[in-house]
Amino acid sequence: MIKLFHLFKSEIIRLIKYKIFFFGLLVSIIWAVIIALADVQSVVGLVPYLVLMDTGMMSIILLAASFYYEKQEGTMQSMLVTPVRLSTILLIKVAAMVFMGIVSFVVVVGTALVFHDFDIRILPFLGACMLAVLAHTAIGYVLTLHSKDFLSLLVKYMGVALLFFAPTLLVALGVFSGDWELLGLLSPTYAAQKLFAMALGEIDQATLWISVTYLALIPALLYPLVILKRYEIVAMEG
Amino acid sequence: MGKVFEVRDLRFRYPKGAKDVINGISFAVEEGTVFGLLGPSGAGKSTTQRILTKILSNYQGEIKYWGKDLSAFSKAFYEDVGVGFEMPVHFNKLSAQENLDYFASLYKRNIDYRELLTRFGLFEARKQMVGEFSKGMKVRLNFIRALLNDPQVLFLDEPTAGLDPKNAKIIKEAILEYKRAGKTIFITTHLMGDVEQLCDTVVFMNNGVITETSTVRDLKLKYGKKELNIEYHEAGKLTARSFPLGGIGKNREFLDLIATKELETIHSGETTLEDIFIKVTGESEHD
């Protein structure tokens with residue numbers, strides 16, 4: 001346990017030194033400024049979207065940046081010749097991304113609560129936020145581990161971002177409505193968005209459980225079945 | 001002395017490879033020795049080291065580590081093993097100290113690396129970002145990193161490649177000191193100077209097969225010419241002569257020559273390891 005904590009601390013230090021933590025925090029601070037300046041009606045609508053940006057698509061980019069630094073420096077291969085299991089190393093990296101998600105959550109939601117008077121269910125929102133990070137980092141790892149370089153990852157990322165945000169747009173445009181809206185939950189970003197809406201008291205039980213199960217299944221299946229094996233191969237290649 | 005590694009009929013092919021890159025090699029690494037695996041680029045040295053360090057699996061043949069099947073060892077294997085990669089491996093935006101702290105945290109057993117930082121001339125720069133280090137500093141830090149867990153077996157891939165003579169000497173002295181402490185060192189290199197100064201046993205590889213296994217001394221005896229070469233001055237000119245070593249003390253011509261001429265140099269005809277490398281592998285060491 002002490003070793004895990006030490007590894008986690010080292011990973012956070014690494015993210016700080018490589019300014020990955022800084023850029024994540026900077027984006028959250030920009031959202032916080034927007035929230036502080038907006039009126040309460042706008043904030044109620046804005047907060048879930050802004051937290052979603054940070055914990056969803058943003059976490060994929062930050063993870064990819066962290067990954068390519070390591071690949072470039074060859075440190076991934078050096079991890080293979082240490083007593084620490086690759087699964088533990090991955091777990092620490094994911095925990096660090098979840099930590100960044102929590103920091104972002106605290107900055108954005110904290111600002112909203114300090115500057116505006118509105119009701120929000122903090123704990124369910126935080127839980128949804130962590131699920132969103134877990135699901136999106138899993139997808140981020142799949143994209144990153146199957147991309148030759150950062151540029152090819154960005155191309156894939158753009159495609160995935162378009163796909164994941166499509167349900168939000170289609171619902172907003174009225175193309176998806178009623179039961180068809182459930183199809184939108186196939187997008188983890190949209191599923192997370194629905195969970196975030198729950199924090200403001202606007203979700204039915206079916207949508208809630210479908211979203212929770214789906215977001216939990218993504219990391220639960222992708223990490224052991226796809227990511228771990230692929231991570232080992234990429235690390236071996238150096 | 002026990003056998004640290006016993007390798008029998010090792011074969012390996014990369015998953016997407018068309019043919020085996022290791023073709024049935026066998027050798028043993030004795031405890032407390034420096035074992036050199038030599039050969040030109042692409043000979044299979046690094047692949048062999050990657051198999052012995054368990055980075056690569058799915059090999060054919062038998063590898064025993066302290067008498068037990070290597071594949072049976074868990075990640076705890078690395079508590080006793082240190083690996084220095086050819087390319088220095090560090091987090092460039094962390095300081096030397098932060099790098100060492102990070103990697104030290106991965107092991108149960110740690111040495112006090114500050115003494116090594118001092119010895120390798122890096123103590124003053126310990127808080128400097130590694131990305132700002134020169135190549136020599138990075139290589140020295142790489143070496144310290146491999147020693148962090150006080151390993152019983154140390155793997156070094158081209159440990160002095162690209163270093164100036166002063167830095168190379170520091171690394172080589174440290175390797176010999178490690179050996180004197182009873183540890184085992186496995187070196188892959190194509191630098192014959194290192195081999196001559198460090199290795200107890202040398203194995204030459206080429207195209208995935210072992211072409212020669214011996215000691216530096218025996219190799220020199222085997223491939224060297226048993227002759228004595230003399231340079232001397234005669235009539236204002238520098239002249240060279242060779243004499244067979246056998247019966248040299250009774251060779252009247254030789255005895256007369258050393259008694260009457262002004263000698264410039266006397267050398268035995270032993271060959272250099274560079275020459276042996278070319279003979280054994282059929283390639284130049286820099287190919």
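I count Ala, Val, Leu, Ile, Met, Phe, Trp, Tyr, Cys and Pro as nonpolar, Asp, Glu, Lys and Arg as charged, and the others, Gly among them, as polar. I note at the start that the model is predicted.

**Entry 1: the second largest pocket**

I applied those classes to the lining of the second largest pocket and got six nonpolar, nine polar and five charged residues. The space in this pocket comes to about 390 Å³. I then looked up which of its 20 lining residues lie closest to the centre, and found Gln77(A), Phe85(B), Glu86(B), Met87(B) and Val89(B). Two elements supply two or more residues to this lining, namely α4 of chain A and α1 of chain B. I recorded α1(B) as the source of the largest share, with three residues.

**Entry 2: the largest pocket**

I moved on to the largest pocket, where I read a volume of about 870 Å³. Its lining has 28 residues, and those nearest the centre are Glu232(A), Ile233(A) and Met236(A) from one chain with Ile55(B) and Ser57(B) from the other. I listed the elements that give two or more residues here: α6 and α10 (205–237) of chain A, and α1 (45–52) of chain B. Which helix gives the most to this lining? I found α10(A), with seven residues. Sorted by class, the lining holds 14 nonpolar, four polar and 10 charged residues.

**Entry 3: closed spaces**

I next turned to cavities. Rolling a probe the size of a water molecule over the atoms shows where empty space is left. I found four cavities of 30 Å³ or more in the structure.

The largest cavity has about 130 Å³ of space. I counted 15 residues in its lining, with Gly24(A), Leu62(A), Met100(A), Gly101(A) and Ser104(A) nearest the centre. Chain A helices α2 (20–37), α3 (40–55), α4 (57–73) and α6 (86–115) are the elements that each put two or more residues into this lining. I noted that α6(A) gives the most, five residues. How does the lining divide by class? I get eight nonpolar residues, six polar and one charged.

For the second largest cavity I read about 70 Å³. I have α4(A) as the element that gives the most, with four residues. The classes here are six nonpolar, one polar and four charged.

**Entry 4: where chain B meets chain A**

I looked up the contact between the two chains and found 24 residues from chain A and 24 residues from chain B taking part. The size of an interface is often given as the accessible area lost when the parts come together. For chain B and chain A I have a buried area of about 2,400 Å², with carbon and sulfur atoms giving 66% of that area. I also counted eight residue pairs in polar contact between the chains, both residues being at pLDDT 80 or more. On the side of chain B that touches chain A, helix α2 (residues 96–104) gives the most, with four residues. That side of chain B is made up of 13 nonpolar, four polar and seven charged residues.

**Entry 5: salt bridges**

Side chains of opposite charge can pair when their charged atoms come close. I searched the whole structure and found 22 salt bridges over all chains. How many cross the interface of chain B and chain A? The rule finds one. I identified the partners as Lys17(A) and Glu98(B), whose side chains meet at 3.0 Å, N to O. Why does this pair join two chains? Lys17(A) sits in helix α1 of chain A and Glu98(B) in helix α2 of chain B, so the link runs from one chain to the other.

**Entry 6: Arg126(B)**

I finished with one residue of chain B. Arg126(B) is in the loop between α3 (113–119) and α4 (135–147) of that chain. Leaving out residues up to four places away in sequence, I found that Arg126(B) touches Ser95(B), Ala96(B), Gln97(B) and Leu117(B). I also took the C-alpha separation between Arg126(B) and Asp112(B), which are 14 residues apart along the chain, and got 14 Å.

How values were computed:
Residues numbered from 1 in each chain as written. Chains lettered and ligands numbered in written order. Heavy atoms only, no water. 1 Å grid on protein atoms, 1.4 Å probe; cavity = no way out; pocket = protein on both sides within 12 Å on 5 of 7 lines; lining within 4 Å. Points joined across faces, edges and corners; volume = space filled by probe spheres on them. Contact = heavy atoms within 4.5 Å. Buried area = accessible area lost by both parts, 1.4 Å probe. Salt bridge = Lys/Arg side-chain N within 4 Å of Asp/Glu carboxyl O. Polar contact = N/O pair within 3.5 Å; in protein donor to acceptor, adjacent residues only side chain to side chain.
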